[in-house]
Amino acid sequence: MKRFLKLSFLVFISVVLLGSSHVNAGHLKISSSTKTIYVKQRIQMKVNPSIQKGSIKWKTTNRKIATVSQSGVVTGKKVGKAKIYAISTDNGKRKASYTIRVKEFKKRSLPVKSKMVPLYDDGGKCFGIGSVKKYRVLDSKKAVGDYLKSVRKTQNYDGWKKELKKYKKSFFQKKSLCIVYITAGSSSMSVKVKKVQVLQNKKGKIMGSVYANIGEQSPDVMWAGDVKSYYAILEMDKKDASIIQTYKVVKK
């Protein structure tokens, strides 16, 4: 009996050690939000499974096309293609590669539809008329459900539910919803989005410029006496929504 238990224990230890060895020798994989970036643009790359900081060395096959920092930040330098490598410092055989394409950015206007949801409880804060405090991209029906849960306790929850429940699963096959928070000022003002332009700022970030009439009252614009801010629900192409890294409002 003792001999049987001893053998069972040794088999168990062997399985655990082999399992651990297999995990340590597993393949690395680089994940990124996109395969295409623009000249001057920066994106963060990550390694899966996650590894302790400092145990990965990053390399690029062409520094003239794209550079990569030792924290995995890739910067587009020139039009072309480059391969980015993540190499384990503990085991040089554990490595992953990711091909990135660098393009020149061209400013363009997006065909978008918009709806406005007023924010009734702004805590008395005003961030400057027309400023964008935050934004969020919803690219699936599940993301919509998660967002509705996050705003369930807000005063404008009914407004959210009414607008977002309209979007069916089929909508998200090619399109996304961008939720952009726009301040309207300390007094009651309406906000109406006219258009959205995509451009690149001086730091290389891809920016969505939301052109909006602020303070214009018309029949198709929501109006409430105590509203300081609005959330704009922008319908846009999924690909366009994915490349925008920040937003700003241009007052018309």
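This is a predicted model: local features need pLDDT of at least 70, side-chain atom pairs count only at pLDDT 80 or more; totals for chains, interfaces and linings use all residues.
## Salt bridges at a glance

Let's start with charged side chains. Side chains of opposite charge can pair when their charged atoms come close. How many salt bridges does a search of the whole structure find? The search turns up three, and each gets a look below.

## Arg 108 and Asp 240

One of the salt bridges joins Arg 108 to Asp 240, with 2.8 Å between the closest N and O atoms. This pair ties together distant parts of the chain, since its two residues are 132 residues apart. Arg 108 sits in strand β10, which covers residues 108–110, while Asp 240 belongs to helix α4, running over residues 238–243.

Are the two partners buried or exposed? Arg 108 is partly exposed, at 30% relative accessible area. Asp 240 has a relative accessibility of 13%, so it counts as buried, the cut-off being under 20%.

## Lys 142 and Asp 146

Lys 142 and Asp 146 form a salt bridge, with an N to O distance of 3.0 Å. Both are found in helix α2, which spans residues 141–150. They are four residues apart, and that is about one turn of the helix.

As for accessibility, Lys 142 is exposed, with 59% relative accessible area. Asp 146 comes out as partly exposed, at 32%.

## Lys 166 and Glu 163

The side chains of Lys 166 and Glu 163 also meet in a salt bridge, this time at 3.5 Å from N to O. Lys 166 is partly exposed, with a relative accessibility of 46%.

## How α2 and α3 pack

Now for the helix pair. Two packed helices are described by the angle between their axes and the distance between the axes. Here, the axes of α2 and helix α3 (residues 157–164) come within 11 Å and cross at roughly 170 degrees. Why do they count as roughly antiparallel? Angles over 145 degrees go by that name, so a crossing at roughly 170 degrees makes α2 and α3 roughly antiparallel to each other.

Which residues make the contact? From α2 come Lys 141, Val 144, Tyr 147 and Leu 148. From α3 come Tyr 157, Trp 160, Lys 161 and Leu 164. Sorted by class, this contact of α2 with α3 has six nonpolar residues and two charged ones, with no polar residues.

Technical notes
Residues are numbered from 1 along each chain as its sequence is written. Side-chain values use heavy atoms; hydrogens and water are left out. A salt bridge is a side-chain nitrogen of Lys or Arg within 4 Å of a carboxyl oxygen of Asp or Glu. Buried means under 20% relative accessible area, exposed over 50%, partly exposed in between (1.4 Å probe, protein chains only). Axes are lines fitted to C-alpha atoms, for helices over the stretch in contact, and angles run from 0 to 180 degrees between N-to-C directions. Angles under 35 degrees count as roughly parallel, over 145 as roughly antiparallel, 65 to 115 as roughly perpendicular and the rest as oblique. Contact means heavy atoms within 4.5 Å. Ala, Val, Leu, Ile, Met, Phe, Trp, Tyr, Cys and Pro count as nonpolar, Asp, Glu, Lys and Arg as charged, and the others, Gly among them, as polar.
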